[in-house]
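Subject: Structure for your review

Hello,

Here is the structure I promised to pass on.

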Amino acid sequence: MTTPKKPVNPLLLNEYLQTLRLPTMLRESPAVSRECTATDAPYETFLERLAEREVQARQSKAIERRLQAAHFPAPKELAEFDFSAVPQLNKRRVLELARGEFLAEKANVILLGAPGVGKTHVAIGLAREACRRGHRVRFFTASGLVHEYLEAREERRILRLEASIARTDLIVVDELGYLPLDKTGAEHLFGFFSRCYEQTSLIVTTNLPFADWPQTFANDARLAGALIDRLTHRIHVVEMCGESYRLRQSLHPTSSPTKTKPSDVKAKSSSKTPEPPASRRAS
Ligand code: ADP
Ligand code: MG
């Protein structure tokens with residue numbers, strides 16, 4: 001004689017799942033239950049499928065949180081980047097960097113090139129990939145970062161700012177060299193680079209050759225030299241020579257970027273290609 005089956009109390013199950021904070025299991029359990037009954041799947045399969053959905057939902061929420069916390073100015077993705085528009089750029093190398101091994105080495109990436117070639121786009125694309133791989137990321141423009149330091153100093157929370165920098169795995173410093181800094185700004189940025197040295201990886205974008213960095217850092221060649229030394233100790237230099245994508249789009253909005261004649265662009269583009277120190281240039 002078999003013992004009669006106790007009827008399932010769905011309200012009680014819902015309450016347990018709520019108490020255990022398993023919202024996806026709670027939402028999905030009726031559908032997974034129907035699925036498993038229809039295919040006569042064992043109990044373990046039912047539990048495994050539910051647990052899998054809970055884990056997947058948590059992982060994608062965590063990625064979303066990291067992407068939000070990074071404060072990217074625009075959701076640029078490497079998948080949307082037209083590598084054919086920058087033929088000198090080694091796509092394979094960029095995709096290798098996207099795997100994030102440089103983060104484990106606490107190495108830095110510098111994206112060098114004239115305005116409009118896609119440095120910010122690639123920097124954001126690499127950083128978003130790092131978020132997806134579980135890293136904590138923060139995006140700043142160089143001037144925004146200096147502003148952050150000045151504000152923190154005024155509000156006596158420099159230590160808190162530095163603690164939050166120390167908890168970050170990757171920081172993007174965009175547009176270094178676009179605006180010259182005064183002495184205080186240069187010193188804060190130097191402090192920032194020193195703090196990150198071998199602790200937090202950086203992706204720096206710049207249009208300036210290293211020889212011109214003293215101009216940006218309040219004409220202080222010693223400080224600029226010390227900063228370059230820290231930044232380039234472990235570095236992957238990505239040179240992005242080419243014409244401004246923006247400019248090409250506005251000159252030829254309907255044509256493919258690769259069809260643009262270089263002469264169309266050169267007339268307006270005056271930026272020179274930056275020169276990293278040859279000894280530190282990654283191939
Ligand atoms: P930079 O930082 O070098 O000045 P950006 O990354 O800001 O250039 O690029 C300017 C605009 O052109 C952005 O909207 C960017 O998404 C787009 N862009 C630049 N290069 C490319 C490319 N090769 N493929 C797709 N979009 C590009
Ligand atoms: Mg930019």
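I start with the ligand. A backbone N or O atom of G116 sits 2.7 Å from an oxygen atom of ligand 1. Please keep in mind that this is a predicted model.

Two further residues make contacts of this kind. For G118, a backbone N or O atom is 3.0 Å from an oxygen atom of ligand 1. For V117, a backbone N or O atom is 3.2 Å from an oxygen atom of ligand 1. Of the 550 Å² of accessible area that ligand 1 has on its own, the protein covers 86%.

Which elements give two or more residues to the shell around ligand 1? They are α6, residues 119-132, and α12, residues 245-251. The largest share, 3 residues, is from α6. In total, 15 residues surround the ligand, and the closest are D82, G116, K119, T120 and H121. By class, the shell around ligand 1 is made up of 6 nonpolar, 4 polar and 5 charged residues.

Next, the empty space. Rolling a probe the size of a water molecule over the atoms shows where such space is left. How many cavities of 30 Å³ or more does a search of the whole structure find? The search finds 1. The largest cavity holds about 80 Å³ of space. It is lined by 13 residues, and those closest to its centre are N108, C196, Y197, E198 and R230. Two elements, α9 (183-196) and α11 (221-231), each give two or more residues to this lining. Sorted by class, the lining of the largest cavity contains 6 nonpolar, 3 polar and 4 charged residues.

I also looked at the second largest pocket, which has about 330 Å³ of space. There are 15 residues in its lining, with V8, L13, S29, S33 and F46 the closest to the centre. The elements that supply two or more residues to the lining of this pocket are α1 (10-19), α2 and α3. Helix α2 provides the largest share of the lining, 5 residues. The lining of the second largest pocket divides into 10 nonpolar, 3 polar and 2 charged residues.

Last, the charged pairs. Side chains of opposite charge can pair when their charged atoms come close. The structure has 17 salt bridges. One of the salt bridges joins the side chains of E35 and R49, with 3.1 Å from N to O. This pair links distant parts of the chain, as E35 belongs to helix α2 (residues 23-39) and R49 to helix α3 (residues 43-69), 14 residues apart.

Regards

Note on methods:
Residues numbered from 1 in each chain as written. Chains lettered and ligands numbered in written order. Predicted model: local features only at pLDDT ≥ 70, side-chain atom pairs only at ≥ 80, totals over all residues. Heavy atoms only, no water. Near = heavy atom within 4 Å. Polar contact = N/O pair within 3.5 Å; in protein donor to acceptor, adjacent residues only side chain to side chain. Areas by Shrake-Rupley, 256 points an atom, 1.4 Å probe, with all protein chains shown as cover. Helix = DSSP H or I, 4+ residues; strand = E, 2+ residues; numbered from the N terminus. Nonpolar A, V, L, I, M, F, W, Y, C, P; charged D, E, K, R; others polar. 1 Å grid on protein atoms, 1.4 Å probe; cavity = no way out; pocket = protein on both sides within 12 Å on 5 of 7 lines; lining within 4 Å. Points joined across faces, edges and corners; volume = space filled by probe spheres on them. Salt bridge = Lys/Arg side-chain N within 4 Å of Asp/Glu carboxyl O.
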